[in-house]
Amino acid sequence: MATFVDRYPEEAAVVRATFVVAFVSLGIGAFFGLIQALHRTGYVRILDSVDYYTILTGHGVLLALVFTIFFLLGLFTWAVARSLERPLPDIRLTWAWFGLTTTGATLVAVAILAGLIPSLGVSADVLYTFYAPLQAHPLFYAGLTMFIVGTWMAGADWFLAYRAWRADNPDDRIPLQTFMVLTTMLMWYLSTIGVAVSAVFFLLPWSFGIVETVNPLLTRTLFWFFGHPVVYFWLMPAYLLWYTVLPKLAGGRLFSDPLARVVFVLFLLLSTPVGIHHQYLDPGISEGFKFIAMTNTMFLLLPSLLTAFTVVASMEHGARQRGGEGYFKWLGALPWRDPAFTGMALAGLMFAAGGFSGMINAGMNINYLIHNTLWVPGHFHMTVGTAVALTMMAGSYWLVPQLTGKRLYSRPIGLLQVVLWFVGMVFMSNAMHRAGLAGVPRRTAEPQYQSFDFSTALGSVGELQAQIAFGGFLLFVSVVLFLFNILLSSFETPMESPVDDSLPAPLSGAEGSPLVLDDLRLWTGIAIVLVILAYTLPLGSIVTDAGLFGDSPGFPVLIDAVAMLKEVVA
Ligand code: HAS
Ligand code: CU1
């Protein structure tokens with residue numbers, strides 16, 4: 001079987017382009033992370049603390065939004081072409097969304113980094129969550145809007161490919177990888193409504209001075225309408241790799257295709273109506289709505305717990321095909337020398353801990369203890385920072401040879417890199433969690449206060465700071481090794497024999513699952529109803545309390561139109 005790059009050369013070129021943008025963002029964002037880790041622990045301060053927030057905004061945007069989503073764009077393009085066994089409908093549309101997303105991301109990055117040169121008068125020190133009352137230059141919101149529209153176009157590209165495939169295969173079940181892409185994009189279309197409304201109707205006109213004020217709680221709630229689902233937009237590509245590639249790397253087969261479909265349908269249904277779990281301490285939202293968000297969040301643990309079961313069962317199946325035995329000894333039979341396998345397995349292992357800390361976050365009462373403390377960055381460096389980022393790096397070791405036709409430069413370096421990432425993250429995220437419990441705040445350049453010492457139950461904050469700096473340093477070294485390995489792979493000689501990118505059939509296939517699972521219209525309809533139930537009243541009360549635009553009446557042109565209408569009617 002020819003390698004992907006031979007079968008779909010044009011799609012492979014787009015995937016390579018998205019990976020280049022993703023990896024450049026990874027490198028810059030990781031460098032900023034090193035600066036932050038050394039700065040806030042007091043070891044090395046190369047910039048003024050006032051510039052820390054520019055670097056922190058760059059770190060969050062380039063890593064959490066650009067690196068992850070550009071990798072997703074490439075991975076999903078690969079997965080759709082591969083699993084439908086056909087090229088995308090029109091490569092011009094594909095390059096168009098790549099161009100729009102890349103231009104948008106570049107404008108956002110320019111708006112952020114311009115903040116380091118005050119004379120430019122452009123800044124966006126709004127952190128990656130960019131909610132008011134922090135305000136960025138219009139360039140930031142314009143770039144963000146372009147980026148989001150570009151991702152919508154990418155989704156349309158993949159849906160058009162699916163529709164063409166469906167016309168030729170009216171009775172087949174949706175191939176699993178395409179099913180995962182389409183359900184993820186449906187969730188993305190629904191959840192990005194919040195951030196698109198916030199950016200286009202409120203933040204952009206506000207940053208242009210067209211409206212004087214916004215209602216910060218409204219724009220913040222619209223952000224979190226999107227802000228929790230976006231974490232699953234990062235996670236679902238990792239899950240696509242854990243479900244469809246990791247079993248093969250383990251030498252086995254996916255335990256259950258139907259269970260995988262159930263998991264992705266649950267994410268489509270439940271990802272969006274929970275965003276208020278980021279706002280347990282926000283005034284202006286009633287406790288009742290927060291309680292509903294908490295309850296929904298607890299349901300949301302199910303798809304990941306199902307994943308833990310399915311993926312580990314698949315790994316065990318692989319291990320036993322390789323001669324593994326016993327209750328746990330089979331772990332030793334797994335291919336731990338393969339950087340792609342070991343990176344994904346370690347990412348999953350850390351996600352078990354990251355998920356646990358997510359459960360702590362989700363408890364309304366216990367959240368009061370950790371909200372806005374360093375515990376939360378501890379949580380998301382295990383989730384997006386490892387479950388997602390390490391899986392994407394590990395997956396690249398398996399994907400890049402298929403996209404270039406050239407072998408990986410060094411598997412040993414790849415193995416060292418993934419282990420270094422895991423060890424660095426253990427140090428950094430564990431210390432962040434513990435510092436958070438001692439009350440150390442997040443998003444602060446200098447978390448020390450006059451005549452006040454944080455006291456921890458175990459050890460000292462100084463010891464925790466050392467672990468954060470040390471862990472952060474290991475993570476940076478790990479990224480350098482990753483980029484070095486990928487870069488040198490591009491200079492390797494082309495491989496004679498094609499890469500085996502075949503994926504074994506699952507142990508229990510789609511044919512064993514109810515056809516209704518593939519009824520994407522039904523699941524999307526239910527998802528929309530759940531979002532309406534979760535958000536109508538909270539948003540309604542927020543607008544009633546403090547208006548659409550806060551203290552100002554809103555768009556002057558709208559005000560005049562309303563006044564004119566009143567005159568006509570009167
Ligand atoms: Fe979270 C805050 C709750 C998952 C990311 N989260 C954040 C923020 C980010 C983030 C970025 O309820 C900060 C936002 C900000 O800047 O303010 N989170 C949860 C819950 C889950 C969860 C309940 N988060 C994620 C994922 C993320 C992510 C995934 C990124 C990808 N999170 C919260 C809450 C807050 C929050 C509150 C607000 C805190 C505050 O007050 O600000 C759940 O989805 C977790 C479910 C996961 C599990 C684990 C299952 C285990 C698996 C591993 C299988 C093992 C394998 C390998 C495959 C139950 C699937 C095994 C290996 C062998 C060798 C066998
Ligand atoms: Cu969340």
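Tutor: Helix H13 gives ten residues to the shell around ligand 1, the largest share from any one element. This is a predicted model, in which local features need pLDDT of at least 70 and side-chain atom pairs count only at pLDDT 80 or more, while totals for chains, interfaces and linings use all residues. Residues are numbered from 1 along each chain as its sequence is written, chains are lettered from A and ligands numbered from 1 in the order in which they are written, and side-chain values use heavy atoms, with hydrogens and water left out.

Start with the shell as a whole. Ligand 1 is surrounded by 39 residues, where a residue counts if one of its heavy atoms lies within 4 Å of the ligand. The closest of these residues are Tyr-128, Tyr-232, His-371, His-379 and Arg-442. At least two shell residues come from each of the helices H8 (229-244), H12 (301-321), H13 (339-362) and H15 (375-404). Helices here are DSSP runs of H or I with at least four residues, strands are runs of E with at least two, and both are numbered from the N terminus.

The shell can also be sorted by class: 25 of its residues are nonpolar, twelve are polar and two are charged. In this sorting, Ala, Val, Leu, Ile, Met, Phe, Trp, Tyr, Cys and Pro are nonpolar, Asp, Glu, Lys and Arg are charged, and the others, Gly among them, are polar.

Where does an oxygen atom of ligand 1 meet a polar atom of the protein? For Tyr-232, a polar side-chain atom is 2.5 Å from an oxygen atom of the ligand. For His-371, an N or O atom of the side chain is 2.6 Å from an oxygen atom of ligand 1. Ala-362 takes part through its backbone, with a polar atom 3.2 Å from an oxygen atom of ligand 1. A polar contact is a pair of N or O atoms within 3.5 Å; within protein, one must be able to donate a hydrogen and the other to accept it, and residues adjacent in sequence count only if both atoms are side-chain atoms.

His-379 sits in helix H15. Donors are N, O and S atoms within 2.8 Å of the metal (3.2 Å for Na, K and Ca), and water is not among the atoms, so sites may look incomplete.

The copper ion, ligand 2, lies 4.4 Å from that iron atom. Its donors are ND1 of His-228, NE2 of His-277 and NE2 of His-278, at 1.9 to 2.0 Å. Along the sequence these donor residues follow the spacing H-x48-H-H. Buried means under 20% relative accessible area, exposed over 50%, and partly exposed in between, with a 1.4 Å probe and protein chains only.

Helix H8 deserves a separate look, as one of the helices that supply the shell. H8 has 16 residues, and its first and last C-alpha atoms are 22 Å apart, close to the 22 Å expected at 1.5 Å a residue. The expected span is 1.5 Å times one less than the number of residues. H8 has a kink of about 30 degrees at Leu-235, shortly before the proline Pro-237. Such a bend is the angle between axes fitted to the seven residues ending at a residue and the seven starting there. Of the 16 residues in H8, 15 are buried, so the helix is mostly covered.

Most residues other than glycine have a negative phi, and most peptide bonds are trans. Asn-372, in the loop between helix H14 (364-370) and H15, has a positive phi, near 65 degrees, although it is not a glycine. Its relative accessibility is 43%, so Asn-372 counts as partly exposed. Arg-443 likewise has a positive phi, near 55 degrees, and lies in the loop between helix H16 (411-437) and helix H17 (461-489). At 22% relative accessibility, Arg-443 is partly exposed. The peptide bond from Ala-132 to Pro-133 is cis, with omega near 10 degrees, and Pro-133 belongs to the loop between helix H4 (91-113) and helix H5 (138-168).
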